[in-house]
Amino acid sequence: MEDEVLMRITPDKAIEILRKDGIDVHIEEAQIILDFLYSMANIVVEQYISMRHCNAEIVTKTVK
């Protein structure tokens, strides 16, 4: 898993994707949007992992 390369969407690709939906942004705005979305994704993953960890502890304590 440590050898995996994180594939990030480039600001140019984000501009292309947004343009298809009729949203025009500059490269700087695309980078801000991407930074925000990656931050949100990290928060969601951390919360999911934390929730699963807490649920595992509850199940383990209940089973004992």
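Trainee: Which residues make up the largest nonpolar core here?

Mentor: In this predicted model, that core has five residues: A14, I15, V25, A30 and L34. Helix 1 (11–20) and helix 2 (27–63) are the elements that each give two or more residues to this core.

Trainee: What makes that set a nonpolar core?

Mentor: A core needs buried residues of the nonpolar kinds, joined through side-chain atoms within 4.5 Å. A14, I15, V25, A30 and L34 form such a set, so they are called a core. As background, nonpolar side chains tend to be buried together in soluble globular proteins.

Trainee: And V25, what is it in contact with, leaving aside its neighbours within four places in sequence?

Mentor: V25 touches I15, L18, A30 and I33. I15 and A30 are also listed in the core with V25.

Trainee: How much of the protein is buried?

Mentor: Buried residues come to 9% of the 64 residues.

Trainee: Why is the E16 and K13 pair called a salt bridge?

Mentor: Check the distance: N to O is 3.4 Å. The cut-off is within 4 Å, so the E16 and K13 pair qualifies. Both residues sit in helix 1, three residues apart, about one turn of the helix. In general, side chains of opposite charge can pair when their charged atoms come close.

Trainee: Why is E16 called partly exposed?

Mentor: E16 has a relative accessibility of 39%. Buried would need under 20% and exposed over 50%, so E16 falls in between. K13, at 38%, is partly exposed because the same test applies.

Trainee: What is the C-alpha separation of E16 and A30?

Mentor: Those C-alpha atoms are 9.9 Å apart, and the two residues are 14 residues apart along the chain.

Trainee: How many salt bridges does the structure hold?

Mentor: Two. Besides E16 and K13, R19 forms one with D24, and their closest N and O atoms are 3.4 Å apart. That value is within 4 Å, so R19 and D24 count too.

Trainee: Is D24 buried or exposed, and how do you know?

Mentor: D24 has a relative accessible area of 60%. The mark for exposed is over 50%, so D24 is exposed.

Trainee: What about Q31, why isn't that one called exposed?

Mentor: Q31 has a relative accessible area of 31%, so it counts as partly exposed. Q31 is found in helix 2, and its C-alpha atom is 8.0 Å from that of T10, 21 residues apart along the chain.

Trainee: What makes R8 a charge over the ring of Y38?

Mentor: R8 lies over the face of Y38, 3.8 Å from the ring centre. The distance limit is within 6 Å, so R8 passes on that count. As for aromatic pairs, the structure holds zero.

Definitions and conventions:
Residues are numbered from 1 along each chain as its sequence is written. This is a predicted model: local features need pLDDT of at least 70, side-chain atom pairs count only at pLDDT 80 or more; totals for chains, interfaces and linings use all residues. Side-chain values use heavy atoms; hydrogens and water are left out. Buried means under 20% relative accessible area, exposed over 50%, partly exposed in between (1.4 Å probe, protein chains only). Rings of Phe, Tyr and Trp (its six-membered ring) pair if their centres lie within 6.5 Å; planes under 30 degrees apart count as stacked, over 60 as edge-to-face and the rest as tilted. A charge sits over a ring if NZ of Lys or CZ of Arg is within 6 Å of the ring centre and within 35 degrees of the ring normal. Helices (H or I, at least four residues) and strands (E, at least two) are DSSP runs, numbered from the N terminus. Contact means heavy atoms within 4.5 Å. A salt bridge is a side-chain nitrogen of Lys or Arg within 4 Å of a carboxyl oxygen of Asp or Glu.
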